[in-house]
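Welcome! Please take a moment to look over the sequence and the model below, and then we can walk through a few of its details together.

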Amino acid sequence: MPELVGAIDQGTTSTRFMVFDPAGREVVRHQVEHRQLLPRPGWVEHDPEELWSATSAVVTEGMRSAGLKASDLAAVGLANQRETTVVWDRRSGQPLANAIVWQDTRTADLAARLEEEAGGLFRERSGLMPSTYFSGPKLRWLLDHVEGARAGAERGEVLFGTVDSWLVWKLTGGRHHVIDVTNASRTMLMDLEGLEWDEELCALLGIPRATLPEIRPSSDSSGDVVTAGGPFGEGLPVAAALGDQHAAMVGQACFSVGEAKSTYGTGTFLLCNTGEQIVRSGSGLLSTVCYQLAGEAPRYALEGSVAVSGSAVQWLRDQLGVIADAAGVEELARTVPDAAGLYFVPAFSGLFAPYWRSDARGAIVGMSRYHGAAHLARATLEAICYQTCDLVEAMAADGAGVKVLKVDGGVTENELCMQLQADVLGLTVVRPKVAETTALGAAYAAGLAVGLWDGTDTLAQNWVEDRRWAPSWDEARRTEGLAGWHKAVERTLSWVEPDADVP
């Protein structure tokens with residue numbers, strides 16, 4: 001058997017392809033960004049065909065640059081942006097509309113109605129509360145507003161999927177309409193205990209069962225086979241798919257109860273492994289499937305999700321022109337000793353955990369004539385850290401105390417941000433050698449499925465620490481900073497009124 005495994009990591013702003021060896025070391029990487037389509041305030045879309053083109057391009061170029069053939073890989077795994085929703089025609093394979101991205105808030109009124117009518121039932125069955133974040137309301141919107149979509153869905157001619165479903169459909173030449181259990185757990189439609197589509201939840205959302213994909217384990221030993229039309233050519237098993245944050249849990253080797261990681265990408269996502277037990281949050285967190293290996297019981301997690309973290313840095317770059325590139329935010333922020341009382345709450349898509357306020361919008365508060373671009377840059381990094389602190393405190397309230405925080409994702413390259421994270425939390429922060437643990441986790445899950453690794457204990461032995469940060473703030477400074485942050489958050493609430501003109 002070949003000893004290399006490929007991984008496609010289709011994220012919110014870019015798509016990358018990576019190859020790993022049996023020790024979890026990177027062999028090759030290729031990455032491209034894709035467009036963010038913003039047709040109206042609060043609306044965020046992607047072109048599904050562009051996501052597929054990007055996937056094909058990164059695989060083709062990555063394999064070419066390393067001189068690899070499909071026969072050099074044992075399998076390929078897939079990680080994806082999770083709640084982003086795609087609908088396409090079964091016969092033509094063409095999308096009916098742009099994908100609605102997880103950050104999109106157009107379904108705020110629907111989510112509010114669902115909360116009023118059946119919020120408790122959604123929490124109990126799916127582990128989620130009604131929110132614009134999840135796939136179910138986005139699918140309902142598409143079925144209601146795209147001509148012919150609902151009638152086609154009822155006949156099983158229009159198919160729904162998260163991005164893993166869409167890419168597996170394309171990779172396999174339309175042979176497989178599937179979704180992995182972690183992505184299914186983000187739809188508001190799946191019974192978290194039974195791991196099946198829940199008829200009552202589907203009915204409440206008005207979703208025809210015929211449009212939904214087959215739910216499969218995250219690491220699937222049956223393996224789909226990539227068709228000749230895909231960038232790999234014929235014969236390579238697509239042996240795993242996971243939502244990106246669940247893949248990062250596998251890549252960080254968080255296989256034991258109580259182990260936690262925080263991934264900093266477009267948003268921030270903190271997950272804590274709760275084993276085979278579903279922990280119901282009383283503090284604004286989500287109960288979700290962590291991962292499921294073929295033939296095994298699912299492992300669950302508590303999750304806290306933040307909509308905007310790394311994308312706030314992109315906003316400084318793209319919308320304000322404050323920095324030339326993402327790396328420049330650290331250099332600029334280091335020119336001042338602190339944010340001098342300035343707070344930036346990047347609630348561009350409302351606030352996710354633990355607040356769940358779709359009516360919030362971004363705010364910069366505490367400004368005076370004294371403040372400049374450097375203070376805003378530092379406040380942006382602090383916002384990433386304060387939002388994570390909100391999640392850690394909510395987990396502690398739910399009985400899942402975090403003692404050491406494993407971190408990963410592109411933002412962890414910013415060493416000032418990671419030091420601030422340790423300071424704000426009052427905890428040690430640890431980064432692994434392989435920071436791109438999302439792709440690594442997809443590769444691990446695929447390798448497990450085909451027997452390249454014999455179990456999770458072997459994967460845990462591959463985990464190697466790269467750098468750690470210890471807190472330097474005293475408790476008084478932490479308390480003062482958090483108090484200011486919470487005052488700033490209050491200023492963002494109740495900003496958006498229901499829009500009767502939104503279709």
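Where is W356 found? In this predicted model, W356 sits in the loop between β19 and β20.

W356 has a positive phi of about 55 degrees, although it is not a glycine. Its relative accessibility is 18%, and because buried means under 20%, W356 counts as buried.

Y355 lies in the loop between β19 (343-345) and β20 (363-365) too. Is Y355 buried or partly exposed? At 28% relative accessibility, Y355 counts as partly exposed. Leaving aside residues up to four places away in sequence, Y355 touches D390, W485, H486 and V489. With D390 there is also a polar contact, side chain to side chain, at 2.9 Å. Another residue to look for is L391: Y355 and L391 are 36 residues apart in sequence, while their C-alpha atoms are 9.9 Å apart in space.

P354 belongs to the loop between β19 and β20 as well. The peptide bond from A353 to P354 is cis, with omega near -5 degrees. As background, most peptide bonds are trans, and most residues other than glycine have a negative phi.

**A positive phi in another loop**

A253 lies in the loop between α8 and β15. Phi of A253 is near 55 degrees, a positive value in a residue other than glycine. At 7% relative accessibility, A253 counts as buried.

| Residue | Relative accessibility | Class |
|---|---|---|
| Y355 | 28% | partly exposed |
| W356 | 18% | buried |
| A253 | 7% | buried |

**The second largest pocket**

Now let us turn to a pocket. The second largest pocket holds about 960 Å³ of space. Its lining is made up of 42 residues, and R16, Y264, G265, G410 and V411 lie nearest the centre.

Which element supplies the largest share of this lining? The answer is α9, with five residues. At least two lining residues come from each of β2 (14-20), β3 (26-33), α8 (244-251), β15 (260-264), α9 (310-320), α10 (328-333) and α13 (437-449).

Sorted by class, the lining of the second largest pocket has 19 polar, 12 charged and 11 nonpolar residues.

Key:
Residues numbered from 1 in each chain as written. Predicted model: local features only at pLDDT ≥ 70, side-chain atom pairs only at ≥ 80, totals over all residues. Heavy atoms only, no water. 1 Å grid on protein atoms, 1.4 Å probe; cavity = no way out; pocket = protein on both sides within 12 Å on 5 of 7 lines; lining within 4 Å. Points joined across faces, edges and corners; volume = space filled by probe spheres on them. Helix = DSSP H or I, 4+ residues; strand = E, 2+ residues; numbered from the N terminus. Nonpolar A, V, L, I, M, F, W, Y, C, P; charged D, E, K, R; others polar. Buried < 20%, exposed > 50% of the residue type's maximum accessible area, 1.4 Å probe, protein only. Contact = heavy atoms within 4.5 Å. Polar contact = N/O pair within 3.5 Å; in protein donor to acceptor, adjacent residues only side chain to side chain.
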